[in-house]
Amino acid sequence: MIPEEEPIENGKFGMGRLSTMQTLTVNGQEREFPDGVPGSLEDLVLQLKVTAAAVVAEVDGVVVNQDAFAQTGLRDGQRVELIRFVGGGSEHT
Amino acid sequence: MSVWIDKLVVAGREFESRLIVGTGKFASNQLMAEAIRASCAEIVTVALRRVDIENDQDDMLRVIDRDSTLLLPNTSGARDAEEAIRLARLARAATGIEWLKLEVTPNPYHLLPDPIETLRAAEVLVKEGFVVLPYINADPVLARRLEECGAATVMPLASPIGSNQGLKTRDAIGIIIEQSTVPVVVDAGLGLPSHAADAMEMGADAVLVNTGIATAEDPVGMAVAFKLAVEAGRRGFCAGAQGPGQNAAASSPLTGFLGETSPADTN
């Protein structure tokens, strides 16, 4: 039986991160995409299964409306914020 | 009986209800939606946060009837003007509406609003076309400055958010009401229907309530109670409520029972 290929961790074998591994920083957390970053913001929310909640986003600080998720391409290394509405009056939630 | 017409007008838009309801702290979205309906509020506040990627949730806006209620996104969580402006732009992109409850609360312990950052943010946002409703401490000078920079209302706090302490800032709010030419919305700390009635009797144009309704044992019942209290307080104000006096003033004739002259008349 062939074992499943293990993802190569940072620093393993002293190689540092593989230069081919693409990443996005999504809501402050770096995520790796072995097959390359999703083609669009819409693909990203589909992959992360957050299509219902994500109503607006920022890509490298630029605001993107939900209607434009499909037309918004993503590149390796970008910072993405996915934002939703929550209940709120004045308090932090 | 004549029809009671007494609308709240904010930035040229009319509202029949003077109760604004916050949507935080409800046990469920369903309960929140029911309480909003029961309150007859026409403005409801919502907040923006990062999506929780591990636990996808539905978009809470789906349960809010946007035909009968105006969404008022807030900038809660902003610690300075820059964060508030960023949240404002996100909210506008998400909702397509430009109304904004501006709040900048750097300290998560007391959640008191930062007056300088709030004014700075308001100056930028008004220029960008936002209808800005700033949440402030009950500071008449700040209220005036915000009004001058184009704020659509001022929203002084009655007492710290969520504290249910009622109108601790009564005197300062009285000055704000007296001087303001934009609506005064008393926000935060109104935990009981009587607190809301109190603010309205003073002449506040509207109140914002969240915790008092959302954390009640029966939020729907409490929403109705607040609705009635706001209406009662408003009508009391409009009917010309008289303030307290120092001496007794009899409401029955001052003659004695059998027509004797009362001691008061002999003086």
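Reader: Which residue of β4(B) is the bridge partner of Phe85(A)?

Author: In this predicted model, Phe85(A) has Leu48(B) as its bridge partner in β4(B), and in that strand Gly87(A) is bridged to Val46(B). Local features of the model need pLDDT of at least 70 and side-chain atom pairs count only at pLDDT 80 or more, whereas totals for chains, interfaces and linings use all residues. Residues are numbered from 1 along each chain as its sequence is written, chains are lettered from A and ligands numbered from 1 in the order in which they are written, and side-chain values use heavy atoms, with hydrogens and water left out.

Reader: What makes β5(A) and β4(B) a pair of strands?

Author: Strands are DSSP runs of E with at least two residues, as helices are runs of H or I with at least four, both numbered from the N terminus. Two strands pair if DSSP finds at least two bridges between them; strand β5 (residues 79–87) of chain A and β4(B) have five bridges, in the antiparallel sense, and therefore they meet the definition.

Reader: Which strands of chain A pair with β5(A), and in what sense?

Author: Strand β1 (residues 22–26) of chain A pairs with β5(A) in the parallel sense over two bridges, with Thr25(A) standing opposite Arg79(A). Strand β3 (residues 56–59) of chain A is joined to β5(A) by four bridges and runs antiparallel to it, and here Val56(A) stands opposite Ile83(A).

Reader: Why is β5(A) described as largely enclosed?

Author: Eight of the nine residues of β5(A) are buried, so the rest of the structure largely encloses this strand. Buried means under 20% relative accessible area, exposed over 50%, and partly exposed in between, with a 1.4 Å probe and protein chains only.

Reader: What joins β1(A) to β2(A)?

Author: β1(A) and strand β2 (residues 29–33) of chain A pair in the antiparallel sense over five bridges, and Leu24(A) stands opposite Arg31(A) in β2(A). The two strands form a hairpin with two residues between them, and in the turn Asn27(A) has a positive phi of about 50 degrees.

Reader: Why is the link between Arg50(B) and Glu81(A) called a salt bridge?

Author: A salt bridge needs a side-chain nitrogen of Lys or Arg within 4 Å of a carboxyl oxygen of Asp or Glu. In Arg50(B) and Glu81(A) the closest N and O atoms are 2.7 Å apart, so the pair qualifies. The count between chain B and chain A is three salt bridges.

Reader: What makes Arg18(B) a buried residue, and where is it found?

Author: Arg18(B) is found in the loop between β2 (13–15) and β3 (19–22) of chain B. Its relative accessibility is 6%, and therefore Arg18(B) counts as buried. The side chain of Arg18(B) reaches the backbone oxygen of Asp205(B) at 2.7 Å, and the backbone oxygen of Lys7(B) lies 3.0 Å from a polar atom of that side chain. Beyond four places in sequence, the residues that Arg18(B) touches include Leu8(B), Met200(B), Val230(B) and Arg234(B).

Reader: Why is Gly191(B) called buried, and what does it touch?

Author: Gly191(B) has a relative accessible area of 7% and therefore counts as buried. This residue sits in the loop between β9 (185–187) and α6 (193–202) of chain B, and, leaving out residues up to four places away in sequence, Gly191(B) touches Asn164(B), Gly212(B) and Phe226(B).

Reader: Which residues of α6(B) are buried, and what covers them?

Author: The buried residues of α6(B) include Pro193(B), His195(B), Ala196(B) and Met200(B), and what covers the buried residues of this helix includes β9, β10 (206–209) and α8 (219–238) of chain B. Pro193(B) touches Met222(B), Ala225(B), Phe226(B) and Ala229(B), not counting residues up to four places away in sequence. Just after α6(B), Gly203(B) takes a positive phi of about 110 degrees.

Conventions: Polar contact = N/O pair within 3.5 Å; in protein donor to acceptor, adjacent residues only side chain to side chain. Contact = heavy atoms within 4.5 Å.
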